[in-house]
Amino acid sequence: CRQYATSYQDGRLTMRRLFKRIACDQRGSFAIETALVAPTLILMTIGIFEVGTIVARQHELQSAANEIEIIILTTNQGAEVDTETVKSIIRQSVNLEADQITLTASYRCDADETLVNSASMCDEDETVSTYVNLSITEDYLPKWTYMGVGQPITFSVNRRVQVS
């Protein structure tokens, strides 16, 4: 746009020239563009950070479950570790509370599809397979929920390891 000279007629700027002058004036346009784009960029940055945190935490919990699976299989080979020690290892490695970790045993009688809570529920002549069930749960509150977007995320990692 070329600069329009201000022309006054009877002390007033004609409307047409005023609009042309305003349309061609680029002073302060960077500040206005920044004010329009900056909130979107900030929200996108927060979102990218939070998604990265969520993915990293899920991976961390999965890795902890894999470690515990190895420990459980090692105990099957003769090493001695009780459930409280296993829970302690998980709690320390991924910073969880005791109520977020559950270790239970279940049993399969012969080739039944269903698992039972006690080996005594199987007949004496049946082969009993022993399983250890690991469950890790954790709630995470992303930063965007403080802005009214989304809801808390619950991580849930479950493993079933056949011991015998």
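Where is the place of Asn95? Asn95 sits in the loop between helix H3 (83–94) and strand S3 (101–109). Helices (H or I, at least four residues) and strands (E, at least two) are DSSP runs, numbered from the N terminus. This is a predicted model, in which local features need pLDDT of at least 70, side-chain atom pairs count only at pLDDT 80 or more, and totals for chains, interfaces and linings use all residues. Residues are numbered from 1 along each chain as its sequence is written, and side-chain values use heavy atoms, with hydrogens and water left out.

Start with the backbone. Asn95 has phi near 55 degrees, a positive value in a residue other than glycine. Its relative accessibility is 67%, so Asn95 counts as exposed. The cut-offs are these: buried is under 20% relative accessible area, exposed is over 50%, and partly exposed is in between (1.4 Å probe, protein chains only).

Asp110 also has a positive phi, near 50 degrees, and is a residue other than glycine. Asp110 belongs to the loop between S3 and strand S4 (128–140). With a relative accessible area of 38%, Asp110 is partly exposed.

Now the rings. Rings of Phe, Tyr and Trp (its six-membered ring) pair if their centres lie within 6.5 Å; planes under 30 degrees apart count as stacked, over 60 as edge-to-face and the rest as tilted. This rule gives 1 aromatic pair. The ring centres of Tyr140 and Phe155 are 6.4 Å apart and the planes stand at 40 degrees, so the pair is tilted. Tyr140 lies in strand S4 and Phe155 in strand S5 (residues 153–162), so the pair ties together parts 15 residues apart in sequence. Phe155 is buried, at a relative accessible area of 3%.
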